[in-house]
Amino acid sequence: MLTKITQSILNDDLQAADSLLRQKPEGYQLAHSLLKMVMGRRPPLEKLKANLPKVINISTSFTCPLKCEMCSAGFHNKRSLFADRKYLTLEEFNQMLPWMEKGTSINFCGEGESLESPLIFDFLKKTRKKLTVVITSGINLDIEKIKFLIKSDLDILHFSFDGRTSVGHGGGKEKYIQNFWQRIRNIQKIKKELNSNSPAIGLQVTVNGENVDNLDEIFSTALQHQVYDIALIPMIVHSETLFQKSIHTNYEGAKKKINKAISKWNKKGMDISFMVQHKTVRDSVSPCFFVDNYIDFHTEVNLPSICCSSLRMPLEISHYPVTKYWNSFPFRYFRFLHFHSELSMLPMTCQTCWIANLKRYSKTCRDSLSGSPNQEAYPLYLEASSLKNRNKLEESQRLFAKVLDLKPESSLVGKSFFHLGEIKLKEKNYPAAFSSMKSAVQHCFDHKMAFIYLYLLWMLLEEGRPAKKRNKASYKWLQNFTKKK
């Protein structure tokens, strides 16, 4: 029932929502009361619509043999994410075709090793008219697969390669490094034999504290192998060990080294970027270049991501047309936050994002590894929730305020604000409830009920469309490649 109600309201179908709410499902009395008050009004932020994204990222495989220690997808200690699901099926891929019709670039990259999928060449056949990109470790790239990729009219083949670092691809072992460059030589040789300029070969290098002093070696070797396009990406931290081996133990020093190396080798004719977008390390970027440019289909095909970070939408695609889903209220509100509001109002995931706010991420990533704040906050949260359910609202508010004072992890903050907002709704203090729901969504962006209340309260309290403050960022990487087909 929650899913159907959420789908109806957040897709502006209030008549359908009203029909569902008339069945009096438990826990929706406040939402139905609000709905009755705003029925017939214009949907919130209805003009903040956008064209479908140009970049479609697709995970083809959910297995990987390398077990890199730095892997944030879950392969650091296992070969497969699922016991009974190894790769994306053709049926699942076909569900994404409506997105690809308007897309410019189709990127095959994600949780697992892209070339482990036995269907990768079928996917490439279906996307020949687009700019196609495969990102791979190359670990299983034999001569036959190289020829298939060339004949599939693949445009760009990017290799994940990190050089001499124990936590990266191949553990930085000399044998792995030598085998890697041999694969690059094989590709260049076969391209020449087949008289083909494509695919263009590039590298994606995860930078950390172990290899930041060896970037010159990577760039020099790449140049010798006629590989000119290199993207540097900072390592994501998900353990204390990784933090100690990251650039974040000395962020400013690492930034200087990276910028110096980029500048030096770009002057030699290479095309080296940071985050696939910039020619220098940026402490922060605004607006984020992912917003309205990109969508990522990973293991949950019905619930894509809008960036490479952990931000999740509260709405599944379901049976709605892709344009309707893309312009549902959560997406419109996300655009409002990025293009019309103060940066302090952005989702906390965005404010501490390793892509959009690297310096702040650098300062906070180690703290995020500790679960200690929740040890005290969570029992208080449970007690406050119990008091609320027993309608002891004053005591409940007092305990939720204590939870917030303890500054627990973001999702618990969001849930606490949600409950405070519901209490304010019961008191008919709609402005206070509206403020709490904004905070709930800021800290817990996939909270369905918070979004339902936010939608209805916006209709009740807000009018008009705010003046536009910031334009959408261009996805500069795409501008380097022109499709001539």
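Me: How many helices and strands are there, and how are they defined?

Reply: The protein has 21 helices and eight strands. Helices (H or I, at least four residues) and strands (E, at least two) are DSSP runs, numbered from the N terminus. The model is predicted: local features need pLDDT of at least 70, side-chain atom pairs count only at pLDDT 80 or more, and totals for chains, interfaces and linings use all residues. Residues are numbered from 1 along each chain as its sequence is written, and side-chain values use heavy atoms, with hydrogens and water left out.

Me: What makes the radius of gyration agree with that of a compact globule?

Reply: The rule, with the radius taken over C-alpha atoms, is 2.2 Å times the number of residues to the power 0.38. For 485 residues a compact globule would come near 23 Å, and the protein has 24 Å, so the two agree. Along the principal axes, the C-alpha atoms fill a box of roughly 75 × 45 × 45 Å.

Me: Why is Ser-59 called buried?

Reply: Buried means under 20% relative accessible area, exposed over 50%, and partly exposed in between (1.4 Å probe, protein chains only). Ser-59 has 2%, so the residue counts as buried. Its place is the loop between strand 1 (55-58) and helix 4 (90-95). Leaving aside neighbours within four places in sequence, Ser-59 is in contact (heavy atoms within 4.5 Å) with Leu-88, Cys-109, Gly-110, Glu-111, Phe-297 and His-298.

Me: What makes Ser-160 buried?

Reply: Its relative accessible area is 15%, and therefore Ser-160 is buried. Ser-160 lies in strand 4 (residues 156-160). With neighbours within four places in sequence left aside, its contacts are Ile-135, Thr-136, Ser-137, His-169, Phe-180 and Gln-204. Over the whole protein, 55% of the 485 residues count as buried.

Me: Are Cys-68 and Cys-71 buried or exposed?

Reply: Cys-68 has a relative accessible area of 10%, so Cys-68 is buried. Cys-71 has 16% and is therefore buried as well.
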